[in-house]
Amino acid sequence: MSGPRPHWLFGDQLGPHFLTAGLTPGGDGPDPDAPLVMIEARSVLRRRRFHRAKAHLVLSAMRHAADALGDRVRYVQADTYREGLSRAVGRRRVTVCHPTSRAALGLVDSLPHVTVLPPRGFLVPFADFRRWAGAPGERRLLLEDFYHRVRRAEHLLLEPDGSPAGGRWNLDRDNREPPPEGAATLPLPPPFEPEEDGIDERVRADLDRWERDGDVAFVGRDGPRRFAATRPEAERALAHFVAHRLADFGRYEDAMLHADPWMAHSALSVPLNLGLLDPGECVRAAEAAYRSGQVPLNSAEGFVRQVAGWREYVWQLYWHLGEGYRDANRLGHHEPLPAWFRDLDADAVAARCLSGVLGQVRDHGWVHHIPRLMVLGNWALQHGWDPHELTDWFHRCFVDGYDWVMTANVVGMSQFADGGLVTTKPYAAGGAYLHRMGDYCGPCRYRPTERLGDRACPFTTGYWAFVHRHRDLLAANHRTARAAAGLRRLTGLPEVLAAERARGQSPP
């Protein structure tokens with residue numbers, strides 16, 4: 001058969017940069033005139049119990065992309081990728097951009113007629129990261145060092161002489177304000193919200209039917225779609241964030257409000273991880289807003305650091321550290337996730353912060369990075385939950401969760417299971433931190449400053465039980481030695497430990 005090779009698009013490769021974006025025949029991308037193949041494989045939904053809103057979002061995004069591409073694409077619904085590809089192209093040779101998971105890469109590498117092209121949707125080529133990192137284990141892979149290199153390479157937020165705008169690379173210390181006192185929500189326009197259409201209706205009907213037939217099972221609620229599923233929606237979401245929300249993003253980046261899951265965050269991780277947006281266009285839009293005086297530097301830099309720093313970093317670590325990294329468990333945590341947490345049963349939880357955040361995951365499949373780290377991850381860390389199982393839970397239950405996203409985020413950042421390769425200390429904290437950075441504690445039945453009695457905050461007692469359990473490791477780390485030393489001055493420690501043993505893995 002003559003003509004260009006067909007090009008296969010995975011469901012997270014949906015933007016124009018996966019097709020043309022400066023690519024030429026014979027170069028590092030698909031032929032710009034290539035026919036396209038998309039495969040909706042039901043086996044993906046059978047393998048894991050995904051959040052219902054995530055399944056809806058991904059299928060909606062794929063079907064919307066196919067609809068926009070028209071006759072250029074062959075869209076196949078099949079049981080597996082192998083079956084779908086065989087039906088679409090037979091044994092004809094095809095190209096595909098480097099997939100985003102090890103499992104998908106293993107699949108395409110096993111198919112003799114598939115040529116894997118370099119990845120798209122990221123700023124840093126693998127070779128550049130390898131030159132910086134060296135061999136695995138050879139050096140400390142500090143995010144801050146990597147982030148500076150990306151800023152220089154992309155010429156982001158730099159002065160003409162190459163120094164960082166404002167004189168500092170990292171303005172994180174300016175981005176730790178608690179929420180405004182007495183505010184239930186931030187006084188900002190809500191995030192961009194798309195309108196559902198007939199494609200969404202058909203996706204929902206299919207999911208209903210598959211679930212009734214017992215073919216698939218989900219967790220969470222599938223309400224109206226909250227996130228962009230098309231390229232035009234993603235462009236509008238980016239423009240809306242930059243125009244209306246980015247200015248306040250920086251100072252409230254770490255703050256939490258019970259009634260405001262979005263705060264000033266962009267939620268652009270969702271269309272970014274579907275491939276609908278390219279990271280370059282996101283960070284340059286933020287920089288342009290700073291240069292024009294629309295937003296302060298701390299907000300622009302904080303957003304750039306999330307996208308061009310942390311997102312690039314966890315992508316590279318996923319591939320650089322190897323398959324064994326996901327099984328790291330330096331703290332020896334092996335407790336299975338309890339059913340109330342696995343099933344997003346927020347109503348079983350009395351602690352207002354944990355109940356509220358778990359309920360937001362149930363209802364939206366999304367919370368911003370501080371509730372992920374300091375509420376959900378903190379509770380799991382305090383109670384010794386298995387980091388491998390927790391990583392899978394975050395992958396399944398978050399609409400922006402993918403294997404490459406969650407491995408370093410959970411194993412390294414959240415659970416310290418790599419012993420400090422990604423972060424320099426465990427992110428464990430008691431109720432005082434949650435009280436300072438949010439409004440959860442006021443109406444809660446527990447008191448953040450109490451560690452004994454019926455009103456003792458479960459996060460506070462859990463924190464001291466965690467410090468006691470790992471006191472030798474924490475004492476040897478200069479960033480946590482003070483907490484370990486505090487055990488000697490803590491009154492009522494035996495009672496705290498007994499209360500924690502009595503609670504076990506039941507909902508607090």
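Colleague: How do the lining residues of the second largest pocket divide into nonpolar, polar and charged?

Modeller: There are 16 nonpolar, seven polar and eight charged residues in that lining. Keep in mind that this is a predicted model.

Colleague: What volume does the second largest pocket have?

Modeller: About 830 Å³. Of the 31 residues lining the second largest pocket, Val44, Arg47, Phe50, Tyr81 and Ser101 are the closest to its centre.

Colleague: And which elements give two or more residues to that lining?

Modeller: Strand S2 (36–41) does, along with helices H1 (42–47), H2, H3 (81–89), H4 (102–110) and H17 (403–414). The largest share comes from H2, with five residues.

Colleague: Which domains does the lining draw at least three residues from?

Modeller: Domain 1 (7–117) and domain 3 (332–503) each supply at least three.

Colleague: Back to H2. How many residues has it got, and what's its reach from first C-alpha to last?

Modeller: H2 covers residues 52–69, which is 18 residues, and it reaches 26 Å from end to end, close to the 26 Å expected at 1.5 Å a residue. Just after H2, glycine 70 takes a positive phi of about 65 degrees.

Colleague: Is H2 mostly covered or mostly open?

Modeller: Mostly covered, with 15 of its 18 residues buried.

Colleague: Switching to charges. What's the salt-bridge count?

Modeller: The count comes to 37. One of them pairs arginine 63 with glutamate 40, and the closest N and O atoms there are 2.9 Å apart. Arginine 63 sits in helix H2 and glutamate 40 in strand S2, so this pair ties together parts that are 23 residues apart in sequence.

Colleague: Are arginine 63 and glutamate 40 buried or exposed?

Modeller: Arginine 63 is buried, and glutamate 40 is buried as well.

Colleague: What does arginine 49 meet in a salt bridge?

Modeller: Arginine 49 meets aspartate 343, at 2.9 Å from N to O. Arginine 49 is in the loop between H1 and H2, and aspartate 343 is in the loop between helix H13 (339–342) and helix H14 (352–364), so the pair ties together parts that are 294 residues apart in sequence.

Colleague: Where do those two stand on accessibility?

Modeller: Arginine 49 counts as partly exposed at 37% relative accessibility. Aspartate 343 is also partly exposed, with a relative accessible area of 37%.

Colleague: How far apart are the closest N and O atoms in the salt bridge of arginine 131 with aspartate 128?

Modeller: They are 2.2 Å apart. The two residues are three apart in helix H5 (residues 126–133), so about one helical turn separates arginine 131 and aspartate 128. Arginine 131 is exposed, with a relative accessible area of 62%, while aspartate 128 counts as partly exposed at 32%.

Colleague: Which residues are linked in a network of salt bridges?

Modeller: Arg52, Glu196, Arg204, Asp208, Glu211 and Asp222 are linked that way.

Colleague: Last topic, cavities. How many of 30 Å³ or more does the structure hold?

Modeller: Four. The largest cavity has a volume of about 150 Å³. Of its 15 lining residues, the closest to the centre are Pro191, Phe192, Arg226, Ser266 and Ala267.

Colleague: Where does the largest share of that cavity's lining come from?

Modeller: Helix H8 (residues 231–244) gives the largest share, three residues. By type, the lining of the largest cavity divides into 10 nonpolar, two polar and three charged.

Notes:
Residues are numbered from 1 along each chain as its sequence is written. This is a predicted model: local features need pLDDT of at least 70, side-chain atom pairs count only at pLDDT 80 or more; totals for chains, interfaces and linings use all residues. Side-chain values use heavy atoms; hydrogens and water are left out. Helices (H or I, at least four residues) and strands (E, at least two) are DSSP runs, numbered from the N terminus. The expected span of a helix is 1.5 Å times one less than its number of residues. Buried means under 20% relative accessible area, exposed over 50%, partly exposed in between (1.4 Å probe, protein chains only). On a 1 Å grid over the protein atoms alone, a cavity is a set of points where a 1.4 Å probe fits but cannot get out, and a pocket is an open set with protein on both sides within 12 Å along at least five of seven lines; lining residues have an atom within 4 Å of a point. Grid points are joined across faces, edges and corners, and a volume is the space filled by probe spheres set on the points. Ala, Val, Leu, Ile, Met, Phe, Trp, Tyr, Cys and Pro count as nonpolar, Asp, Glu, Lys and Arg as charged, and the others, Gly among them, as polar. Domain bounds come from an automatic or database domain assignment. A salt bridge is a side-chain nitrogen of Lys or Arg within 4 Å of a carboxyl oxygen of Asp or Glu.
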